[in-house]
Each structure stands twice: as C-alpha cells, then as structure tokens.
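Here is a friendly briefing to read alongside the structure. Take a look at the model first, then follow the notes below from topic to topic.

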Amino acid sequence: MPKSNILLIYSILLLSAASLYAIQNTQSTDLDAAKSISRVFEKVAETISPSLVTIQSKQEVLVRRRNGVRPRDINLGLGSGLIISDNGYIVTNAHVIEQADEIAVSLSNGETINAEIIGTDPKTDIALIKIEQKDLVAANLGDSDQVRVGQFVIAAGNPFGLSASITSGIVSAKGRSNVGIADYEDFIQTDASINQGNSGGPLVNLDAEVIGINTAMLGRNGNIGIGFAIPINLVKDIVSDLIDDGEVTRGFLGVRINEVTEEYAAQMNVEFGIFVSNVNEDSPAMLSGIKAGDIITHLNGNPAIELAKFRLEIAGFRPSEEVALTIVRGDQTIEITVKLGSL
C-alpha cells in the first residue's frame, strides 16, 4: 500500500477518535451541568423542608333541620404554613384559617401542636399564628424587590395533605393585580405547580430564600401553570403589624378612584393618571382640597399609572404620614400635600 494512503487512513482514524472523544466529553460535560443544577434544587428542598408545616383547621357549624334539631357538623380544612421565627411564629394565608374554631400545626418531624391566631389580614390574604415551641427552624426571608422574571423558583407546601411537596418553575411575571383574589394585589406569578393545600407555603429562590407566600392558582379543574404568590416584602410588613397590634393599620386618603380612559386622558392632555370620581366627606382628601374630577398623576414624585398599585402604595403608608400628590384640574397642575388618615 502506498505510503500516502497509509497516512490518509491514519489521519482519518485520528480524526474519528478525536470526534468520538469530543462527543463523549460533551455528553459528560452536559451531564455534569445537569447534575449540578439538580444538586441546587436538592439543596433548596433540603433547606426549606424543616420550616414547612401542615395547618389543620376545624370549624363547628350548626345545621338547621326541619324537625328543629340542630346538630353540629365539623368542617375540616387543610393548608400549608411557614415557620418564620424559632419561637413559633408561622405565616399562612388568611383563607386557610378563616372562621376556624381550632387550629393544629403538624411539624416536619410529625409532631402536632395546637396554635393560636395572632392576627389576620383578609385584604392581602395573610395570617399569622403561633405555637408554643422553641428551637424551630425558621425560613430565611429574602427580598422580593430583587425578583426577576425568568428566574428559577421552587414552590413548597403540603398539597392534598402530601407533606413537604416540592415543585419547580420560573417567575412568569411580577406586579400582577386585578386578579380578583384579594383587595390589595401585587402578586408574583409563577408556573411552578400550586395545588389545593399549597396555600400558605413558600415560593423560594435558588438561594433557599423565601420570596413569596403562595396563595392561589388559576384553573378550577387543576393546575394550568398560573399560580400567584404574595411578595415576601409585603408579608413582612403585614406580619410586623400583626405582631405589634394584632391588626393591620393602613393609610387612608378618602377618595373613590378609577382608571383614566384613553379618551379622557387625551381630552385632559395627560398621558396617565388616576381619576377621582368621588371625595368622602371630611376625609383627608377633602380637607386637603382634592375634588371630584381631579386626576392624580404622581404620588411623591412617582407616576401614578396603575389603579391597584396606587391603592396599595397609599395603604402602605402609616396614618398621619404626609404624601405629596400632583393633580391635574382642568388646565391647571396642582401640588397638594395630604396628611393621611387611618383605614
């Protein structure tokens, strides 16, 4: 065989071996990357699980019968909760313990303890309960202002009584409102499965930090990949009020407001704003000179664009705090300072 042919065959064999090695090396690298991601999820699940609890609620209901007998029925509820302090404070959804006569909490070690209600806030669907237990594993609460659309998240809870269940997904959207779940809405939307019984459990990032409290899903016949969580920064504020006062105190402006339609915005020569349709008698708004027909364009210098967000921001101030409103009235732009009341 000519020497040139031998060299050609030898070269082909070398290239084939190199290609095979490259393919195997690539496959190995891809597998290692997948395993690395898997270990992150495993670590998050391991970290958050001890802070998860199952909440069992019991309510006695009198049932009227035609014969006048009124037997007592027992309504049982099941939900999830999250330990937020080592001395027994647990956050959950208000609807999980709504009208409950008795509440029991099952810990990750299987122990079940009776709980007391510290306070509830149905307007955000947050509740705080407490058990007499020390040295609990509290979850690490993160910063929901740092949440990014597209980031990986894990939803944890006890759906259908299946304790310490973990699902994963991404953040689909932030600042969701007008969903019809609560009075004050600023939800994190996720495609991580949130099923019946997940309510009150945490939404967690890959650093095992809680960024939200799961509250609801869309879809009556099962999960369709659209779930909602209350941002943890809002939860922190609610919990602080409930611990201090047993209730949530909110700023009160005293107006009825609506979205500004495109037609009216063009007529008033404004790009955005909140329309004041009515001003309550003797309210902070009336005492400050706000009138029906005004358009609020800015709150403390920030554009007032979304109705739900504006309501939430006003409610987030303390009573007696002052806020600066920019108002368009006819062809005038007016700056008004309002000392808020208490809602």
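The largest nonpolar core has 27 residues, and Leu82, Val91, Val210, Ile213 and Val235 touch the most other members. A nonpolar core here is a set of buried Ala, Val, Leu, Ile, Met, Phe, Trp, Tyr and Cys residues joined through side-chain atoms within 4.5 Å. Buried means under 20% relative accessible area, exposed means over 50%, and partly exposed lies in between (1.4 Å probe, protein chains only). This is a predicted model, in which local features need pLDDT of at least 70, side-chain atom pairs count only at pLDDT 80 or more, and totals for chains, interfaces and linings use all residues. Residues are numbered from 1 along each chain as its sequence is written, and side-chain values use heavy atoms, with hydrogens and water left out.

- Helices (H or I, at least four residues) and strands (E, at least two) are DSSP runs, numbered from the N terminus.
- The biggest contribution to this core is made by α2, with six residues.
- Beyond four places away in sequence, leucine 82 touches Ile48, Ser51, Val53, Tyr89, Ile90, Val91, Ala139, Leu141, Gly200, Pro202, Val210 and Ile213. Contact means heavy atoms within 4.5 Å.
- Another core, of 20 residues, lies apart from the largest one, and its members include Leu253, Ile274, Leu307 and Val323.

**Helix α2**

- The 14 residues of α2 reach 20 Å from the first C-alpha to the last, close to the 20 Å expected at 1.5 Å a residue. The expected span of a helix is 1.5 Å times one less than its number of residues.
- Which residues of α2 are buried? They are Ile232, Asn233, Leu234, Val235, Ile238, Val239, Asp241 and Leu242.
- The cover over these buried residues includes β3, β6 (116-121), β7, β8 (140-141), β13 and β14.
- Just after α2, glycine 246 takes a positive phi of about 75°.

- Arginine 250 sits in the loop between α2 and β15 (251-252).
- With a relative accessible area of 6%, arginine 250 is buried.
- The side chains of arginine 250 and aspartate 121 meet in a salt bridge at 2.5 Å, N to O. A salt bridge is a side-chain nitrogen of Lys or Arg within 4 Å of a carboxyl oxygen of Asp or Glu.
- This pair links distant parts of the chain, 129 residues apart, with aspartate 121 in strand β6. Aspartate 121 is buried, as is arginine 250.
- Setting aside neighbours within four places in sequence, arginine 250 is in contact with residues including Lys123, Thr124, Tyr184, Ile238, Phe317 and Leu343.
- The C-alpha atoms of arginine 250 and leucine 312 are separated by 9.4 Å, although these residues are 62 residues apart along the chain.

**Other salt bridges**

- The structure holds six salt bridges.
- One of them joins the side chains of glutamate 102 and lysine 58 (3.8 Å, N to O).
- Glutamate 132 forms a salt bridge with lysine 130, where the closest N and O atoms are 3.8 Å apart. Glutamate 132 is exposed, with a relative accessible area of 62%, whereas lysine 130 is buried at 13%.

**A buried asparagine**

- Is asparagine 93 buried or exposed? Asparagine 93 counts as buried because its relative accessibility is 0%.
- Asparagine 93 lies in the loop between β3 and β4 (102-106).
- Leaving aside neighbours within four places in sequence, its contacts include Asp125, Ala127, Ser199, Asn214 and Ile230.

**The whole protein**

- The secondary structure comes to five helices and 22 strands.
- Of the 343 residues in the protein, 41% are buried.
- Among contacts between residues at least 6 apart in sequence, 59% join residues at least 24 apart.
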